Amino acid sequence: MGVESMLDVEWLDCLDKRPDDRTGEDLDIIFSRLRAVKAFEKLHPALLHQICCYGYYEDLDKGITLYRQGDLGTNWYAVLSGRLNVNISDDSSNNKDAVTILSLSVGAAFGESVLDNSPRQATVVTSEFCELLRIEQKDFRMLWERNRQFMEGVLAPSNLPSVGSKSPGPDNLGRRKAGQRLAPSKTGICKSPRTSPKRTKECPETIHPALPIVQHPSERLIKAGFVLRTLVMTRSPQLIRDRKYQLTTYRRCLVGSEMVEWLMQQSPLVHSRQQAVGMWQALLEEGVITHVCREQPFNDKYVFYRFRDDDMGVGSCPTTTSRKEAEDEFQETLAMLSQLGPDAMMRMILRKPTPLRAWGYHPEERSVDDLEIIYEELLHIKALAHLSTMVKRELANVLVFESHAKAGTVLFNQGDEGKSWYIILKGSVNVVIYGKGVVCTLHEGDDFGKLALVNDSPRAASIVLREDNCHFLRVDKEDFNRILRDVEANTVRLKEHGQDVLVLEKIPAKHDHGTLGAHFKYSVMAGTPDKMLEHILETRINSRVDETDTFIEDFLLTHMVFMPSLQLCPQLLNHYHAEPAEGTEQEMTEFVVSNKRRVIRLVCQWSVIAGIAFHDDPTIMNFVETLFADICKDCQDFADLQGEMENLERVLQMVRQIEEEGGRAWQVQRQGLGEFHRSENDTPRRKAIKASDESIFKVYCADHTYTTLRVPMSTSAAQIVAAVHEKMCLGEDLVLCELKSTGEKILFKESDVCITSGLSLNGRIFISPREHLDALTPLPEQEGPNESTFTAFELMGSREVAYQMSLYDWELFNCVHEYEFIHHTFGRQKLGGITANLDLFLRRFNEVQFWVVSEICLTANINRRVVLLRKFIKIASYCREYQNLNSFFAVVMGLSNIAVSRLTQTWEKLPSKFKRMYAEFEATMDPSRNHRVYRLRVTKMKPPMIPFMPLLCKDMTFTHEGNKTYFDGLVNFEKMHMIASTIRIVKLCRSEPFAMEPPAPVRNISEIRNYVRKLRVIDNQRVLMKHSHKLEPRRT
């Protein structure tokens, strides 16, 4: 899906209907949306279908009380977006002394007290705008009775009684006697114990990395071990044999380095030795293979390992049937192991001892590369988003992996001494408070246990595993306190008039060969804009180049957030004209020359980093003209400034050249689609849209009459309304809105700009009196095409289509300026910028996605649909080959759209080869661990490449929303650094020209080029579902 789901309005309309009024299509739409929500990802499909029948949508603004402590429950809830606070008060009638004990975020489910009519044990208040799924009490009771086997330990505690039972429910746990502790039940939920609970010791010894992390291997990995052992014995039987080492004979074993080589020889899917090591480690950590002495994790060395069957003495020669079965399943096994490998390697690294934790043998401590891998993983954990870079790197040294196999295991009890801080890597836990029961559930990415360490206080709640095989990252108290002490000791605060103005962090400096030495440097954590600018001029200009120091680039990429050009330019002029307070004449001259030189050099760097945005900003240009005039005068007195004057003159010459080219290549944008400028070989070449470029578009009225406007892209919605009012003589209280093909209306704020570029695929701009908005109806043309382009599309080669798509995507991507990401994240109205080029590129993602769905759903013949499936899978493969990951994801997401994925008869006819390719594509798209598989693939690529743009935008939004821009009146520059780091990924992707080898010339190349640039699609999911059901009706 794109940045914003195209299904939002569809599924909300469906949820607004009463259960009896919901059609099969409605339920399909709700199901497709809910199955992607964290709270429901582990639910049985039959249960989820019933939730689709009875769930309602509810949204609440910040500060709304959902229910109060002591109220009788009437609904069960799940959090779809936003965050809520859970408050507890000793006096339920007076909430003034209420204490917030935790927050509920996306995926949390709560409110199961409706099953036994017990009072609410806490007050729940929204801390930001929230979206909830609500199920009424009578419906939730019915779901519980019908689906108890599916709901135990998932939606509500498994010790709940049947409705009407007198046994205590989850919110009635407060009725136990004081002093009783919680014990785990078999399904993982706490209940009142009759005997002392059996629990794990907090801060247990870390499992040796050579030992399995589970008691019994999973069925799929047992199967994978069978497949690999069978094929090793079939294809390379000499690898498994008795081996002798230091007078000891080891039966039926293999050598690690030979296992890696063998795996790489079997399939191009295994493209590196490191990947192969990860795949074998995935088998070792579940005990499918083992080190002969149980002392080593998997190593690409002369180390002996055995398959589980040989280790247990039950190994046998493979039969003909087993060989055939292994051959058939080999590629799927490799795809699965390649997906599991990176996480297995991460867990193995985390199980290595730190210098302070060594086992009895010589410790295999974490290497520099290991620490870097852990650090990269920490960047994507939401619980750590607010921490500084230094703290994350310190955590990489001390984090310990901990796993627990059984639901119901108690990590710690309320009242225990706090010894560790936990972060959930996999699984979920229940938070249980004596007398209140299960107050919330925490999921992957959440953390707990930190408060007791910070305050040195007892545990405020018990933590109980909610499901089997939960994995955690653990920081022990000693390490936690040491990091806090080190951070404070390494923090330097500069004060003026008793207030902090600059906060620096001392970090190790890297030597030229990349190792950490005894030398240190200071990184800016926070500061006032003026002081940070002063720090740049004093410490970064004229200093030795340090490629790891990105402070100047970060400042110049993000300055519009905290110091826009209107403030930055005058401050630079002030620094340029600064005079020393005292000193000899020579010292004063040296100060003046050095000061002016620094300012000029910073301005020249600014022009390079900002690019076209530097030249397009009139404030900056006026400042540069003024600065150039000043330095021309100063060169008469200070000859040493001659070189700096020439550098600044080159900047101005470049500006004038761009202005001349801009005058010749002036462009007009039509309804959000850019005009092209053609070169000599008639190849389309897009130029970036600027705020001053004019856009021609139609504004419609309710009766579908329209007027045409031609205004700059920076024109606000209020100005458009005024222009239409003047041309069409309409009434008062007019509002401008986008009307989507679904009928959804999105009102524009008066300050909104880039109206046309931000439209949805088939959206149109309407104007209407506010009271007549309900009368607006979509235009017939907004419905999209009514027939497939199969006849013409079939004649186009898949490689040629993918190549032309990549060329067009590269043009769109190359037009997006880095500043547009800042404007998109922080708000273009707030920062006064446009995002037209980024809007069009994001729009292209949705266009390609819905093109795939439209073509398949408009093709009536099943054999033709199979041809289309094959063709789209080929196109996705070629897009990946051309490193066009944006279109690759768009095509694959189109194939996974519910309107296509439900066409089971069509998919059944698809050859197995293409099914395997599609399964591999889906593995690459796996969103778990913050798209870890995709991110690892990208790190192995070299530019040029076109990244998955919606994920980059999501990363920036994640950084923005998870970190404050200011604290204590200072700019949080750690946040600016993280934002700039994401922008540097964009700069890296296009640091080389797009020069992929084109396919062989074909006759219809111009036809293919025009086709991929003018895709016609249906973007109404309801219409697509109708077509899909018409092709393959629902089976009764």
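The exercises below work through a strand, a helix pair and some aromatic rings in a predicted model.

Residues are numbered from 1 along each chain as its sequence is written, and side-chain values use heavy atoms, with hydrogens and water left out. Because this model is predicted, local features need pLDDT of at least 70 and side-chain atom pairs count only at pLDDT 80 or more, while totals for chains, interfaces and linings use all residues.

**Exercise 1.** Determine how strand β22 is placed in the structure and which strands pair with β22.

*Solution.* Helices (H or I, at least four residues) and strands (E, at least two) are DSSP runs, numbered from the N terminus. Start with burial, where buried means under 20% relative accessible area, exposed over 50% and partly exposed in between (1.4 Å probe, protein chains only). Seven of the seven residues of β22 (residues 470-476) are buried, so the strand is largely enclosed by the rest of the structure.

Next, consider the side-chain directions. In a regular strand the side chains alternate between the two faces of the sheet. Here Cys-470, Phe-472, Arg-474 and Asp-476 point one way, whereas His-471, Leu-473 and Val-475 point the other way.

Finally, look for partners, given that two strands pair if DSSP finds at least two bridges between them. Strand β15 (residues 400-404) pairs with β22 in the antiparallel sense over five bridges, with Val-400 opposite Arg-474. Strand β17 (residues 420-426) is also antiparallel to β22, over six bridges, and Ile-423 stands opposite Leu-473.

**Exercise 2.** Describe the aromatic pair formed by Tyr-422 and Phe-472.

*Solution.* Rings of Phe, Tyr and Trp (its six-membered ring) pair if their centres lie within 6.5 Å; planes under 30 degrees apart count as stacked, over 60 as edge-to-face and the rest as tilted. A search of the whole structure finds 40 such pairs. In this one, the centres are 6.0 Å apart and the planes make 80°, an edge-to-face arrangement. Tyr-422 belongs to β17 and Phe-472 to β22, 50 residues apart in the chain. Tyr-422 is buried with a relative accessible area of 0%, and Phe-472 is buried with a relative accessible area of 0%.

**Exercise 3.** Classify the packing of helix α7 against helix α8.

*Solution.* Axes are lines fitted to C-alpha atoms, for helices over the stretch in contact (heavy atoms within 4.5 Å), and angles run from 0 to 180 degrees between N-to-C directions. The axes of α7 (residues 256-266) and α8 (residues 273-284) come within 9 Å and cross at roughly 110°. Angles under 35 degrees count as roughly parallel, over 145 as roughly antiparallel, 65 to 115 as roughly perpendicular and the rest as oblique; α7 and α8 are therefore roughly perpendicular to each other.
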